[in-house]
Amino acid sequence: MRQEVNFGKMIHGGDYNPEQWLDMPEILEKDIEYFKKAKINEVSLGIFAWAKLEPEEGVFDFDWMEKIIDRLYENGISTMLATPSGARPKWMADKYPEVLRVAPDRTRNLFGARHNHCYTSPVYREKVRIINKKLAEKFGNHPGVIAWHLSNEYGGECHCPLCQEAFREWLKEKYQTIDRLNKAWATTFWSHTYNSFDQIESPSPRGEMAVHGLNLDWKRFVTDRTVDFVKHEIQAIRDGGSDKPTTINMMYDFQGLNYHKFADIIDIVSWDNYPQWHKKEEYLTAMDDGMQHDIMRSIQKRPFLLMECCPGATNWQPVSKLKRPGMLHAASMQAIAHGSDSIQYFQLRKSRGSSEKFHGAVIDHYGGDDTRTFGEVTQVGETLEKLQEMTGSHTPAKVAVVFDWESRWALEDAQGPRNAGMHYKETVEKSYYAFRRLGLDVDMIDMEQELDGYQVVAAPMLYMFRAGFEQKVRAFVEKGGTFVLTYWSGIVDETDLCFLGGTPAGLMDVMGLRSTEIDALYDGESNVGVPCQGNHLHMTESYRCTNLCDLVKASTAEVLMTYGEDFYEGMPALTCNRFGKGRAYYICADFEQEFYNELFRKVTAEAGVKRAVTHIPCGVDITTRESGQAVYLIVQNFNRKPVEISLPVEEYPVWYGSYDGTIGKWETVILKKEK
Ligand code: GLA
Ligand code: ZN
């Protein structure tokens, strides 16, 4: 993060593509009238507009854009200006085929689609530099331009010769000698030893896919290349004389890039959110979505932007279901509740042709403002105006879940112990949901982030321990923190080599145990965890566990639960070790959600984590945002019917929404305590 971004208002807007309507000026006039009606105060402009901005090589036409930015500004509407690198003009692809991506099978893509560029190509970089700089010179200090929307949804990889060469350079810098690389990747296995860096190629289904260290480094390289490309884009903007904040729009559960690596490069995180509402009970979707919001917020531990969401139904999901009345508002409030300073849509006006012509938009082909969607968007706009003072407020999380991209890459690439599904994400969700059921704000951190300041940190299935992580955990527990680790943790180092001498590596004394073997269960099989008489945490129930059962040997750890079945009946299933001033819990098996709910309720209470609301009905989402002046408690009911809930209204008076002991279906209530 370069600069702390606060727009001073909740942003309400979205992707706007007037370049598709330049031959219909009356449409553009209407748009502005409608935007004002719907309380839209921002547009994201120029995403994919390269062909209109530079119709021929070196021939630039920014006049149309200038008129639009001016008109919007005169009408109180700001612009987040995009760099156009998300899609390139045909002339460029024809003249310089190297700008197009090469797939893992080494075939070069034809012109078409989008997000189809080589991020190494000097030609592409130069073309991007020129246009970004020109855009910055022209608009970078326009009072209507408030931020830079870099490209669009960076992602994907390129296997062209230029990228191969860059990969080799990257490896050379990392390992220095080929010997070190061979050791780190364990290439003696299957005779895959390299004699020199020049021999190395990116992973390919036609070639090498079995060297896990190679796969992992390739993924890291792809992230680094993309980070480098983003830096290049930003530099061009700065060279053009603009120091407006930058953002990139990230994606739901996207594993192609380690988003944490962008934290220090861009000024504010934004993301695009397209949940499949009404596919299951809304509160389940809300829980899943809440975690994504928290992942995004935790990257910079700052408010983020919801860069895209759909005001109606998308057109690319298997089934494009309409949002039921009230859902857009509830979903929007959830984004704000979890730390967003904006609600932005894809898109403001629905395109007429091509692949997104049926994608939901604020203004549809009919062209009027008397649609249901327009009404719901307006309602969101009105609410955001009321919530303006919350802009820039932080989320004071006292608990965290470690959710690490690199460890996940390695875990999911490894073979065994269950190729039928390790269920990493679901396992992380169990800890997250258990915290959230208690109304606790949760940071979703990676291994590079600090543990200081949290009272409880959960690290589910942390397969890889990146260098230095064990020391962080040790210091955290020593100083009084509570750490909850699970089975299949601390197995490999940063290059995916198995630790020797016992696991969880480096933490066996902190956890007070050693993992000796792990049993994988067939689908449909289960075991049971049974509480031990007199366990200090007063765990009282038995719980089923599936998939994976770790057989640990406790040294100093107290055994709180044991397995109830199979040859390991009586062996530890849940343990706790006192270490320094803190406690280290170890969950041995893949337990059901209720186990996590009971455990985390008791562990957080023991750790003294404060909760504003003690009895939270299922389906109610409670979050906090805090500014220098006030604490806001945001309470949302995602159930299909009203719920009764007792809220601390004496301490936190109702500030937004209506509350009389119950909260209506999909309603939001915000309580506010002045400081
Ligand atoms: C993505 C893209 C947008 C648009 C939407 C459609 O998030 O960034 O350009 O294609 O999906 O839902
Ligand atoms: Zn390339």
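Reader: Which residues in α5 meet which residues in α8?

Author: This is a predicted model. In α5, the residues that take part are Tyr-124, Arg-125, Glu-126, Val-128, Arg-129, Asn-132, Lys-133 and Ala-136. Their counterparts in α8 are Arg-225, Asp-228, Phe-229, His-232, Glu-233, Ala-236, Ile-237 and Asp-239. By class, the contact of α5 with α8 has 6 nonpolar, 2 polar and 8 charged residues.

Reader: At what angle do helix α5 and helix α8 pack, and how far apart are their axes?

Author: Two packed helices are described by the angle between their axes and the distance between the axes. The crossing of α5 (residues 122-139) and α8 (residues 212-239) is right-handed. Their angle is about 35 degrees, and their axes are 7 Å apart.

Reader: Is Arg-349 buried or exposed?

Author: Arg-349 sits in the loop between β8 (342-345) and α11 (372-386). Leaving aside residues up to four places away in sequence, Arg-349 touches Trp-21, Ile-27, Lys-30, Asp-31, Ala-361, Ile-363 and Asp-364. A residue counts as buried under 20% relative accessible area. Because the relative accessible area of Arg-349 is 6%, Arg-349 is buried.

Reader: Ala-113 has a positive phi; is Ala-113 buried or exposed?

Author: Most residues other than glycine have a negative phi. Phi of Ala-113, however, is near 50 degrees, and Ala-113 belongs to the loop between α4 (90-95) and α5. Since a residue over 50% counts as exposed, the 78% relative accessibility of Ala-113 makes Ala-113 exposed.

Reader: Glu-153 also has a positive phi; is Glu-153 buried or exposed?

Author: Phi of Glu-153 is near 35 degrees. Glu-153 is located in the loop between β4 (145-149) and α6 (161-175). With a relative accessibility of 14%, Glu-153 counts as buried.

Reader: Which residue does a cis peptide bond join to Pro-417?

Author: Pro-417 lies in the loop between α12 (405-413) and α13 (424-437). Omega of the cis bond is about -5 degrees. The residue joined to Pro-417 is Gly-416.

Reader: What is the radius of gyration of the protein chain, and why does the chain count as compact as a globular protein of its length?

Author: The protein chain has 16 helices and 25 strands. For 675 residues the globule rule gives 26 Å, and the value for the chain is close to this, so the chain is as compact as a globular protein of that length. The radius of gyration of the protein chain is 26 Å.

Conventions
Residues numbered from 1 in each chain as written. Chains lettered and ligands numbered in written order. Predicted model: local features only at pLDDT ≥ 70, side-chain atom pairs only at ≥ 80, totals over all residues. Heavy atoms only, no water. Helix = DSSP H or I, 4+ residues; strand = E, 2+ residues; numbered from the N terminus. Buried < 20%, exposed > 50% of the residue type's maximum accessible area, 1.4 Å probe, protein only. Contact = heavy atoms within 4.5 Å. Axes fitted to C-alpha atoms, helices over the stretch in contact; angles between N-to-C directions. Left-handed = near helix turned anticlockwise from the far one by under 90°. Nonpolar A, V, L, I, M, F, W, Y, C, P; charged D, E, K, R; others polar. Rg over C-alpha atoms; globule rule 2.2 N^0.38 Å.
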